[in-house]
Each structure stands twice: as C-alpha cells, then as structure tokens.
Amino acid sequence: MLRLFAAARRPAALSYRTLTLPRGTPFRLALGLGFQSGFAMVAATQPSGSWNRVTTGPTPYDVYDKPIEKSPQDDREYRVIRLENGLQAMVVHDAKADKAAASLDVAVGHLYDPDDMPGLAHFCEHLLFMGTEQYPKENEYSEYLAKNNGSSNAYTGTSNTNYYFNVATAALPGALSRFAAFFHCPLFAPSCTVRELNAVDSEHKKNLQNDIWRIYQVNKHLSKEGHPWRKFGSGNKESLSRVGKELKAKGLLVHGNGIASSVNGSLAATPADSRATSPAPSTLVSVQTVMSFHGLEVSFPMPYLPPYWRRKPAGFLGHFLGHEGPGSLHSYLKQKGWITALSAGPQNLARGFAMFKVTLYMTPKGFEEYETLINAIFKYISMLRASKFPGWYQRERSLIAATRFRFAEKRRPDDYAVWVAEHMAWPIPRELILSAPQLVEEWDENDPINGGEREMREMLDMLRIERSRTVLMAQAEVYERVRGKDLKWDKEPWYGTPYYVERLSEEFVKKANEPNDLKELSLPGPNEFIPTNLDVDKREVAQPAKRPILIRETPLSSLWHKKDDQFWVPKAQVIMDIRSPVSNSSARAFVMTRLFADLVTDSLTEFAYDADLAGLSYYFGAHSLGLYVTLSGYNDKLHVLAKHVLERVRNHKVNIDRLEVMKDQAKRDYENFFLGQPYRLSDYYARYMLTEREWTMSELLQEIPTISTEEMQKHIVSLLDKLNLKMLVVGNMHKDEACRLAEMAEDMLQASSIAASEVIERSLVLPSGSNFVWQTAVPNKEEPNSSLTYYMHVGKTTNSRTRASTALLAHILSEPAFNVLRTREQLGYIVSASQWNLTGGGQTGLRVVVQSERQPAYLEQRVEAFLREMDEKLQTMSEEEFQEHRTALQKRWREAPKNLGEEVNRYWGHIEQGYLDFYRRDNDANLLDNITREDILALFRSHAEPSSDVRAKLSIHVKSQKPRPAKISVAAMEAFAKKVAESGYTVNEQAWRDALTADGDAPLDKFANYWRDTLVAQAATVPPQVAQALTTEVPALLAQYPAADDGREMVVDGATIIEDSKTFRASLGVSEPPRPLVEWGDLPISKY
C-alpha cells in the first residue's frame, strides 16, 4: 500500500490528513537515457508473454521475455522488468543520446481528493518539490538539475499525477536519487506547506479569468451529484484550509502525531464508466465567457477508450465528424458563413470514462443560428448511421498510422518519457506498449461480429441527442442581444462563472433524431495525399553537417539547402520568407497583410485537409516583414501542396463575405489579447517599446472596421509587387528538387526584386545609465493579477564574448530567481529570469518577469533586492559551482537536434536575421572556457546591479484594476495584541498568530473580525468602552507599521516615468542593420 502524506506537521490552518491509496495503486516510471539505462514503472497487467527471473546483483527482478514492438526507425533498445513489489519498469537505452530523462506517473489524480478537501492531490504535487529527508534543502532538486543542463515539472490530472525531469546523462544517478526521495521520504515541512498553499492559490488565481478553466469547471459542477467528476481539482487556499479550521475549532487537532481524519476523508476508486456524468440528458448549458468568442460544444459520454486500442472506433467517428473536406459538416457550416473552425473526436477524461466532443467556433451570424447548427451536427450523425462504410476507410486510417509510426522521429527525452509512462497504464500486452497506442488495425470484413465495424457502430449509437450535453459560450452582451435579458443566471462556486441550464424541447429532440435531409453532406472520398514514395536516399557520413549550403541566389531570392544526413526519414521542411516593404509600412498595411494571410488559409481548407491527415502540412501567415510559407511532412507530394498554396497566394480574389468573417476574427483576436495573462501584456509592451517599427493592438483595432474588399485587393497587388525571398529546404530532398521549388516560387509570384537590406528588422537601444518605467492598467477589470517585465540591456549579439557571457549570467540567475521570488517570497505563480534577445536578434539583455497580486512597483523593489542578493552570491560563488554552471550551458549548446524540426529551427534563425552564424552554438560553448567568474561578476555589476551608473534598464508595470484588500503588518498586529493585553483582556498569543500570520501580513477585515469576536467573548469581564477605545488605535498602528504592500500607490525611486510611449521610442537609438558574420563562399560562380 502506498501512503502519501499531505503534511507531517501542519499549521492549525490546515487539517491533518493521510492520503491512503487503494492497495495496488500503480506507479509508472519511464526514463529515456543515454549510454545508461532507464526504467518505467506500472502496476501489473496480464501480459501475453512470460517473465524470466534474474537473481544476479543486489535486487532480484523479472524480465519480460518478448521484444518490444517498435518502429524500424527506432534505434533504441527497450526492456520491461518487474520488481519484487509487483511494479513493472521499462528500461530504455539510447546509445546516441546526450540527455537523460525520467517520468514517474502515479495513478492518483484529483478525482481521488477527499470530498472535503478539493485540490489535495495538486497540493501534494507541489509539496514534493520542497525538500526530502535525504536532501532537505528546498531547492536541492531544481538546483542540481540546473547545474547539469536539466529541468523538471509535474502535473496533476484527473486520475494520475506525473512528475518528470531531464538532465545530462552523466548526472542521471544523482538526479534519480533526488527524484526518488520525493516518494519515499518527502519532508512536508510546515514552512513549505504554508508557502506552497499560497503557490496553489496563486496558480488558481492565474486561471480565474481563463475561459478554458472556467468552462471546464462548469461542466464538472453540473455533473451528477456525488460523482467524483464534480470535484474542483486545482484547489485554492480556501478549499485546502477550510477543514483544518473546522477541526481546530472543534478541538480535534490534538492527537499525538497531529493527524486527524474528517468524515469524508476516505478515498474511493475512480468511477466506472456506467456512472454517467451528465445531470440530465438533452441539456443546453449557456456559459458567459471572459474573452470574445462564440463557441458551441456537444459532448457525449463514452466508455474508457484504451481497451479499444486495436481499431480505435471513436477515432474513426472523429475522422468523419471532424473532416474539413468537400461534403463535410465543416464545409457545409462554413459555406453558410456560420463557423470559423470545427473539431471533433474522443477524449479520455479519467480511468473509467471518456467523452466524445464536437466543438464549433461560430461567427456572430452562426451564434444567432445556434439551434440550426446543433441540428446540423445531428443531421451529419444521422447520415453516418445510414451510411455504409467500405473497408478502405479503415485501411486508409491504418496505412496513415502505420506510416507515421514507421517514420516517427525522436523527440525531447522528457516528452518521450512522459508519453511512455502514461501509456504503460493501458490494458495492452507489454510488448505493444509503444505500438498499440499509435497503430490502427484494419477491419476484418469477413467477420461481422468481431471484425471491427460493429464496435464502431455501437459507439456511433452513443452519439444521440438524448445522451448529449450542449454548451453554448459567449460574452454576456451577446446573450442579451440574441436571447434577451430574461435568462436567470447561476454562478459556478469556484470561478464565479455565470451559467444557465435548460432542457432541449421534445420537438427539438425529435427533429434531431430525424434522417438527414441536408443534400450538401456526404462522406469524404479517398485521400490522394497519402504518400506512395517513401524511399530515403541514405548516404552515411562520418559526422552530420552543421549548416545548410547556399545553393542558389538571384536578385529575387536566396536558397539554403541541407540534404538530411542523420534522421533518414522521407520528410522535408521548407520555409519561404516572402518579404515586402509594404507589409508593415503602416498599422493599416499590417492589418491588411494579416487579413490576406487569413483569407488564403481560409480558402485552402478543403484542399489542404487531406494533406494534413496524410502527414503533409503547411502554414501561411503574416509577420512584420511580410509573409511566411512553411511546408513540412512527407516529401513525396510536397511540391503539389506548395504549387497550390503559391497559386492561391498569387491569384487570390477577395470574397466580401469571407473578408467580413476574417475581419471579425482579427478584431476578436486583438481584443482578446488584452484579456489574457498580465505577464504576456507586460512582455508585449516591452517588445513594443524596444522595436523600431511596431504598432499597438489599439492602433491595429482602429483600422479593421473601414477596410474594404477593393482596398484589400489593391493591397495584395502592392504587397506582392516587389519582394525579396529567403528560402530554406532541409530533409529528404536533393539540390535539384530544392532549386525547382525556388524556381517555381519565383515564377508563380512574378514579382520585381528588392535588396534584402530594404526589408530588415531592427531594435531600439536603451541609453547607458538609464532607468525607465512605463505604467499601464490591466484592461480586464476582473483580473486580480498585475505584472512586471524588468529588462536590463547588455549589448550586441555580434560580440561573441558579450553574447556568451550574458547567456551564462542568465543561466546562473534563472534558478535562484524562481527560488527567491516565487518559492521564498511567494510573489506569484509566474516568475522567470532569462536572456532576452531583442527584435532582429542583434541586441541582447536580461529580463525578469513576475506576475502577482502585488502591485508592480512592489515587485520591482523585490526584483532589485534579489539582484543585490545575487551580487553577494556571485562574489562568494566557488570555482566548482561556477564550473558547474558553465559546463551545464556548454552541454545545452552542444546538444544534437533530436529531429528534423529542431534542426531546421537552429538554421532558420540565422538565415531570417541575416547573421548566418551557423556555428554559433559550438563556438560559444568553446568560448565559455575562457570566461571567468570575475568576468561574470563584472558584467553583472555593470549591467544588472541596481546601483550601477551605466546600467540601462526598462521596466513595464501592468497594474490590476481590481482593488486589493487592505493589509495590516505583523508588527502592527503584535503592537495591537500588546495593547489588548495591557487593557485587561486575556490574549492567546499562539491562537491569534495561527489565525492571522500564516501568510505574513493579514487582510485588515480578517484581523478586525478575529479581534471583534475575541473582545466580544470577554465583554463580561472588560467594559465595552475599552474595546471601542482599542479600535481607535488601529489607524495609528497602520501608519506606524505599514504593510509591505498595503495597496497604496508606490513609486519607483530614481526612475524616469515614461509619459508618452511614442516620444520615448523616438528618443532611442536604432540598432545596427544585420550583416553576415561569416562569409561562407558557397557560390563559386556569379551569384546571378
């Protein structure tokens, strides 16, 4: 039996609770390793093979005797073993790996929370990081990983909690030792318990205005009474401390070990799928959103899906309902002008049950017709029931899945470890752990009972309106306009989300069950994009090349190419950067460029959808210098998709109806940006302040309403008239194929050429010895969090020593910033410190970001206090510790790319920015050997330490408009308690401290309520006039002992407040234009 304790010794504000898990609760641990081996643990499933006993070594174990089925492309070795306690472990050996990783998956999530303590599993996840008996230092784990090129994270799901890390291979034993201690000797120290309670609360408050979390919890709240799905999984301070307060008030927290259990403290098993989660069939739930969008989601309960791993029948249904080609539900609704997007498919909610969802994102016109859209969904489902499905449909799915599995590329080791650990819980033979979740078996058309189609039909029969719940999503004013003001809204208790529940009428249900009469709906045809040529031209090389080659250059374009020499998959990635001086010439031009990209993408949906299904995708989007075309996937038919995309770009005719839809979508995107997380706003404004040509969201919004079809068409012509193209082709394509792509692009775009130097990005540079602050309000008045982005400029990235030293300093600052500002000082959930390259890539600096309920000026004070503390840390840092940081960064830079996508990303930044410094990672890693601790200390003191005379600093303050409760300091409370005692009252010192000081400064109303109740209770022995006199003392105490952040407006000493952003930007110098740092000499003949 596994036993997880919520606390060993916990303050009175929390109940003492033991998490007793059912016998056999599984662990799953997966490690993707380098030259050493790794493990994966899971509760035993009935295997199809047998086990061989191994008794050599200190610990006997069993080895599964069947080989693990894997892709022919996968050169890793796998082994499944079984430990003495019944747990299974997977060992993964990768001789080429330069990084190790581990993932441990505990088969308990928030559905196992006690009914009276929501969020306990999540809270436990947080606490495990806060020190162990074996390694008691709070940040020992994170510090060890940071010094060994590693990182970690964890998440709490519905029926599992996953912990994972990555680290340099040589450091794996030490990382595993620290990781394992989480689960056999966690400290759960009282000081950590209080602080991580605040961290959970901060994480919850971060999500209070997030529609995904809000709607998710509404759906849970409306589930069947008593069903575990109703639980509030995130937890907050109130949900986690309420029981403790109640037990303390009843005098129940008095046992010798400090542990008590409340009435509802037992943990039940995850529910079976027979317990439906919907409170009533055929319900319509209207939910008010924070952000501006129109959504509709129809969901159907389904059985747990992993047992259907062979043919994946729910995925078969998702293939049809989510299809976007001709005859699809998406195509029909889009042509009506009712939707902008549609998705459909199954989703496992927890062990025991799942859900099938059809989600629509509607236009304003579509929202007005929401009942018609619901009906259309059921019309399509009716068509599916009446349809015959030839076996080739499932064969296509099987072929696409088999091809994807065969040529799957490696990914980051921690991502892979998490995936393996999660899927070890599936009820599948051990040898199929890797293949079963990914492959799809064909139907046996000769077996009508067990051949596969019947189980698909059974699941199709579950998609009935009588078993459905429909959720309608929009802002309050939209409901008033469409549905009137008479809806009686309820509020979900944890997020305060307004919702309204109603039953669909019998007439509506009857209509939804009628046969399909929409002639526009039909089943999709065969997929012409399934690759047929999967040959790979594999030519072994001693070492993979570390850069692409410039193989073609004309006045219009430059083409960089690298034939794949390490991954050996029949895939390629192509990037075309189409630059135009018109693209970003004004805010209006930028909006029209974005709309053009949206219109082209919108027009290609039906054609490109099959390509995407078959593993060939594209992206066409706007950026500040023009347009991107990217293509990635199997190279067999990549040229076909490229030709079609470029044709549409060159010849697109603007449709007035689709333009209006795209304008509305752009407007909502810009408006919703202001309703997002405050730290994203502060980062955005910092970028805006330090970019030469940039527009605010407000400026872009102003342009949208008056853009016409005629103006758009003229803009497209002007946009494509004069261009400069930068292209990169990497993968299973030869030079001649890449050149043909470039020639096709030039021929189809038919543009005049401009010099590359005419379309570049540059940043704005802060002057030496500057200290600027720009302040603005969080637009969402209900957002409780503020944010600070604190930027310190260092210098040019073209100076290799400056660049490498800044990166090393950022690496050293990163972990302590999190430990001090988040863990120790509890400022907020979002805290980070990093290197920040400015727009164009030519300038760099250091950036600290903090999102918090505290005001930004206070956050700035704490950041500067942290920087002063780091001065001492750097000064006293041992050479051994400094070398650990240096080595960790060198290992990061020397990591090999894990797949084609990572390789492309490494090259593209150098081509896009124009520096062409392809060997930068290796050169900078070597340069670090010559950078000393004294060099880093000097850099820190000149460019980061607040007292520096030459430091150049800009901070962005984005302040919440939501009033914070007034606070009273601990010193003021101590002074007041002393006055109370001196006035003749009996004062229980420990009681008032337990009640008020757990979080330091206390809310003033909480302080007032506590002492009012205390004084009233002694009214029989002390005259009431004494209590009244004491209350008059409080204002003076508040002034004499102010709280650290009492809500009063604070100022930043010595800073220059930016009054006008445009004037400020105009006063800054502009960075140098980019230039190649290396002349590669790839073209031995004339460039033209």
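**Strands and core**

Modeller: Start with a strand pair: N837 has T844 in β29 as its bridge partner. Keep in mind that this is a predicted model.

Colleague: Which strand pairs with β29 over 8 bridges, and in what sense?

Modeller: That is β28, residues 830-837, and the pairing is antiparallel. The two form a hairpin with 5 residues between the strands.

Colleague: Which residue in that hairpin takes a positive phi?

Modeller: G840, with phi near 95°.

Colleague: And how many bridges join β27 to β29?

Modeller: There are 10, and β27, residues 786-796, runs antiparallel to β29. One partner pair there is M792 with L846 of β29.

Colleague: Is β29 mostly covered or open?

Modeller: Mostly covered: 10 of its 10 residues, 843-852, are buried.

Colleague: Which residues sit on each side?

Modeller: One side has Q843, G845, R847, V849 and Q851. The other has T844, L846, V848, V850 and S852, and both faces are covered.

Colleague: Changing topic, which residues touch the most other members in the largest nonpolar core?

Modeller: F596, F620, L641, Y670, M712, L766 and L954, out of 88 residues in that core. Helix α16, residues 587-603, supplies the largest share, with 9 residues.

Colleague: Why does this core lie between domain 3 and domain 4?

Modeller: Because both domains give residues to it. Domain 3 covers 549-758, and domain 4 covers 764-904 + 911-962.

Colleague: What is M712 in contact with, leaving aside neighbours within four places in sequence?

Modeller: M592, L595, F596, L599, V654, L659 and I707.

Colleague: What about another core, apart from the largest one?

Modeller: There is one of 52 residues, and its members include Y332, I377, L384 and M462.

Colleague: Now the annotations. What does UniProt list for residues 405-703?

Modeller: The unreviewed entry gives "domain: Peptidase M16 middle/third" for that span. In the model, residues 405-703 are 38% helix and 17% strand, and their end C-alpha atoms lie 47 Å apart.

Colleague: And for residues 808-908?

Modeller: There, UniProt has "domain: Coenzyme PQQ synthesis protein F-like C-terminal lobe", also from an unreviewed entry. Residues 808-908 come out at 62% helix and 18% strand, with the end C-alpha atoms 23 Å apart.

How values were computed. Residues are numbered from 1 along each chain as its sequence is written. This is a predicted model: local features need pLDDT of at least 70, side-chain atom pairs count only at pLDDT 80 or more; totals for chains, interfaces and linings use all residues. Side-chain values use heavy atoms; hydrogens and water are left out. UniProt positions are given in the numbering used here, feature names are shortened, and annotations may be inferred rather than shown by experiment. Helices (H or I, at least four residues) and strands (E, at least two) are DSSP runs, numbered from the N terminus. Buried means under 20% relative accessible area, exposed over 50%, partly exposed in between (1.4 Å probe, protein chains only). Two strands pair if DSSP finds at least two bridges between them. A nonpolar core is a set of buried Ala, Val, Leu, Ile, Met, Phe, Trp, Tyr and Cys residues joined through side-chain atoms within 4.5 Å. Domain bounds come from an automatic or database domain assignment. Contact means heavy atoms within 4.5 Å.
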